[in-house]
Amino acid sequence: MATNLVEKAQIMDADAIRRGLVRIAHEIIERNKGTEGLILIGIRRRGVPLAQRLAAFIEEIEGRKVPVGVLDITLYRDDLTTRTEQPVVHRTEVPVTVAGKTIILADDVLYTGRTIRAALDALMDLGRPAQIQVAVLIDRGHRELPIRADYVVKNVPTSKREVIECHLTEIDGGEDRVMIMEKAEG
Amino acid sequence: MRLASKDILGLQEMSTTDMQLILDTAESLKEIISRPIKKVPTLRGKTVLTLFYEPSTRTRTSFELAGKYMSADTVNIATTTSSVVKGETLRDTARTVEVMGMDVVIMRHPISGSCHYLAKILDASVVNAGDGMHEHPTQGLLDMFTILQRKGQLKGLRVAIVGDVYHSRVARSNIWGLTKMGAEVVVAGPSTLIPPYIEELGVKAYTRVEEAIEGADVVNVLRLQLERQQRGLFPSTREYSRIFGVNRERLALAKKDHLLMHPGPMNRGVEIASDVADGEHSTITEQVTNGVAVRMAILYLLLGGATDEAAD
Amino acid sequence: MKLLIKGGRVIDPANKVDAVQDVLVKDGKIAAVGKELGSEAAEEAKVVNARGKLVVPGLIDMHTHLREPGFEYKEDIASGTRAAACGGYTAVVAMANTRPVIDTASEVTFIRERTATTGAVNVFPVGAVTKGQKGEELAEIGDMAAAGAVAVSDDGHPVQNGEVMRCALEYAKMFKLPVISHCEDRPLAGEGVINLGRVSTILGLRGMPAAAEEAMVARDILLAEMTGGHVHLTHVSTARSVDLIRWAKSRARENGFTVTCDCTPHHLVLTEDAVERYLYDTNTKVNPPLRTAADVDALRRGLADGTIDAIATDHAPHHQDDKDVEYNYAAFGIVGLETAVGLIFTELVAKKVISVAAAVEKLTAGPARVLGLPKGTLQPGADADVTVIDPAAKWTVDPSAFASKARNTPFGGWELTGRAVLTIAGGRVVAEDGRVV
């Protein structure tokens, strides 16, 4: 099962990640004309710290708190019956009602689009938001569903053999960084 | 993470790892029950059968809701509405439901061991919803889950199980589960309703209810199973209530922040006094909600995911 | 027809023989037993080389259910006696709980005639103690004795009423018939399906207390003493039953009564733990129930010190439909004829619980003595019922290969050492290597 991955290149460091997040925090405020009715929801696991950081930047800029929620999409995955390893279900924690609100869904990497698809279904089951927007750290292409991101920190063209790895302090410890890895020959 | 067995037959044979996984998963899933839209698509296309050879309201409904909240299709067979009344054997019924493509069969049966028997016949998962006087593992798990939610842990707690231990599958499942998770379990009831060798299950047995309740963190009152009594195990429900009934005075011996549990349905005024059943320590309605969460967890862990290799 | 069994270890407890000898069978009788029976004996005889094997009197099972008439779908005289032959038995004692119950001379005669036409080995009928085994009025014990009944028993419907039992012992004594008693206080056993104890508590199955057996053992001993009769306590299963019988035997002779008993291979080998280990396998459901390790030890001691007179199988064949159901719904009983020798040699003889000679005695002279049968001996002139046992033969119990119609054994898949390899009944080879000839 375990595939050997070797690091090919580091594409972002902590500063680049911070600057990028600050930029899209501004974009979110600009596009939504402030923070009224905004909820930031992070997709477990690495979307969660991204949502929290965006909320903090937005608060710095606008001086207003934006609610942050956590979404676990395990129950909505379309590969549940085909996966070998049964995923552990975690809690979904959305502190306020989503009905009529603008949801910013945050995740680390946008790839096939299936995670966002599952997250959209999960959100819909929590209520009827006015709007859902997607914010990601990396968009690496290769979409399998008609889904696009509204806010992207960095577009990274990749091959399917490659894997994007995001290290975020809150989850992985150490310094923030994003790397391109490649599956080793074998 | 995956459960060790395709079936949930009892807590005697379940590892602490599996119990913990079920409890953790239930904790994650409980939130769904409080949503305005109580449905996730996880078990779409899966079929869950409840096969009940004994009357039951809450357990059957609880499983059915758990299945429906997870988008499984649920089908119910109760003895009064099937060919069971015409004397069909359990093996033949099992074959029939298997051919119909059930993924999980949840069975309640008056005879101990029937779920083991069914599990040997079926490739589908079998969940024991109560077999005779043997086990009721999902009730045991939901009781543990309720204690865990209120107390934060099971280890080190003193749990008193009071009443008709002899006929109680709930008692046996609670004893196995709680002792494995590190709780101290004591049981109490009339000597005719305490089965021999019960202490070999790792509990202390008393005939004075007060001794069991004293210092307890949790008092779990068992239903007096009037329908299972052979004549003469105790003289009258009046005397039973006076000597063994759980009431306010007796509960005063328990810890101040004790929980009062009952698997239901209650015989009010017999094994439990109405005022305490409805009182501030009672978790009886909470147990019902938690029952759905635990059963959702079990269905997810049995049905969500497959064993065949597939690319991510 | 001559048959010379050469070079085996002849164990004939009835005649106190245990030596390497030859056995000559001629015209259905034992013709001679001795060292190196010469070429004269061998003339025109079929010679069987029994070197390394045991040559013993044909085994006698004093507790068998042949199910005929009435329950032929479970077993019949033809299949049951073939199962007996395969297991090394040349005689079985057929219990009376058939349909109709064997409670008159005509039913006893039916069994004998049916055996003559379809049986492979000897069958000795048991008559009922009471009409219809209802425990109320005595059956026609005198007529049945005259027709060939060797004992009376209500077996699985044990006589609960002490007065009826007392009369039965008094009355049967006149005809020198023992009353075989399945000791069970029915209300005390209640709806029990296994032993009352640790396993019944864990599995949530209703239990039969040991006292339900012991109370009746005590009653029957006291009634035997009171009447001067002969009670045979069958398939005793508890430590205190053995103690009570030991006590009774210590005073029976001087007080003029007779108490004998047998126990089964399954009670000598399995405990109640089997019900848990085999996850409610209904083949562990038997009455009396499998007991505790302490009880098994006591039975083994009783066997070794002679308190227990015989090992009997309580061969209780059932159809799959009677067993392939929920535990409480399943019929009680285990088939035993084809596994007894293997179990006894593997679990008792090889483990030095009892000697080979004692094992043979409990299967031959013991039961013959209890019932007064002219069997269980290699005395020249006796019927040529001979069994050759290979104590080293390794085999695996395969219920699907049983000659019995029934498969209800908890021993399927067990690897055993020791097996009857040749069964000769009335001078005729009826089974060889566990197969009917």
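Two salt bridges are counted between chain B and chain C of this predicted model, a salt bridge being a side-chain nitrogen of Lys or Arg within 4 Å of a carboxyl oxygen of Asp or Glu. In one salt bridge, B:Glu200 pairs with C:Arg198, and the closest N and O atoms are 3.7 Å apart. The side of chain B that touches chain C draws at least two residues from each of helix H3 (90–99), helix H4 (114–121) and helix H6 (169–180) of chain B. H4(B) gives the most, with four residues. Helices (H or I, at least four residues) and strands (E, at least two) are DSSP runs, numbered from the N terminus. By class, this side of chain B has 11 nonpolar, nine polar and six charged residues; Ala, Val, Leu, Ile, Met, Phe, Trp, Tyr, Cys and Pro count as nonpolar, Asp, Glu, Lys and Arg as charged, and the others, Gly among them, as polar.

As for the extent of this interface, 26 residues of chain B are in contact with 20 residues of chain C, where contact means heavy atoms within 4.5 Å. The buried area is about 2000 Å², with carbon and sulfur atoms giving 56%; buried area is the accessible area (1.4 Å probe) that two parts lose on being put together, summed over both. Of the two pairs of chains in contact, however, chains A and B share the most contacts. Chain A and chain C are joined by no contact, and their closest C-alpha atoms lie 29 Å apart.

Over all chains, the whole structure holds 62 salt bridges. Within chain C, the side chains of C:Glu163 and C:Arg166 form a salt bridge at 3.6 Å, N to O. These residues are separated by about one helical turn because they are three residues apart in helix H5 (residues 162–174) of chain C.

Helix packing comes next. In chain C, helix H14 (residues 340–349) and helix H15 (residues 356–363) pack at an angle of about 145 degrees, their axes 11 Å apart. Axes are lines fitted to C-alpha atoms, for helices over the stretch in contact, and angles run from 0 to 180 degrees between N-to-C directions. The contact joins C:Ile344, C:Phe345 and C:Val349 of H14(C) to C:Val356, C:Ala359 and C:Leu363 of H15(C). Its residues comprise six nonpolar, no polar and no charged.

The peptide bond from C:Glu68 to C:Pro69 is cis, with omega near 5 degrees, and C:Pro69 is found in the loop between strand S6 (59–64) and helix H2 (77–87) of chain C. Another cis peptide bond joins C:Asn287 and C:Pro288, with omega about 0 degrees. In chain A, A:His142 has a positive phi near 65 degrees.

Residues are numbered from 1 along each chain as its sequence is written, and chains are lettered from A and ligands numbered from 1 in the order in which they are written. In this predicted model, local features need pLDDT of at least 70, side-chain atom pairs count only at pLDDT 80 or more, and totals for chains, interfaces and linings use all residues, while side-chain values use heavy atoms, with hydrogens and water left out.
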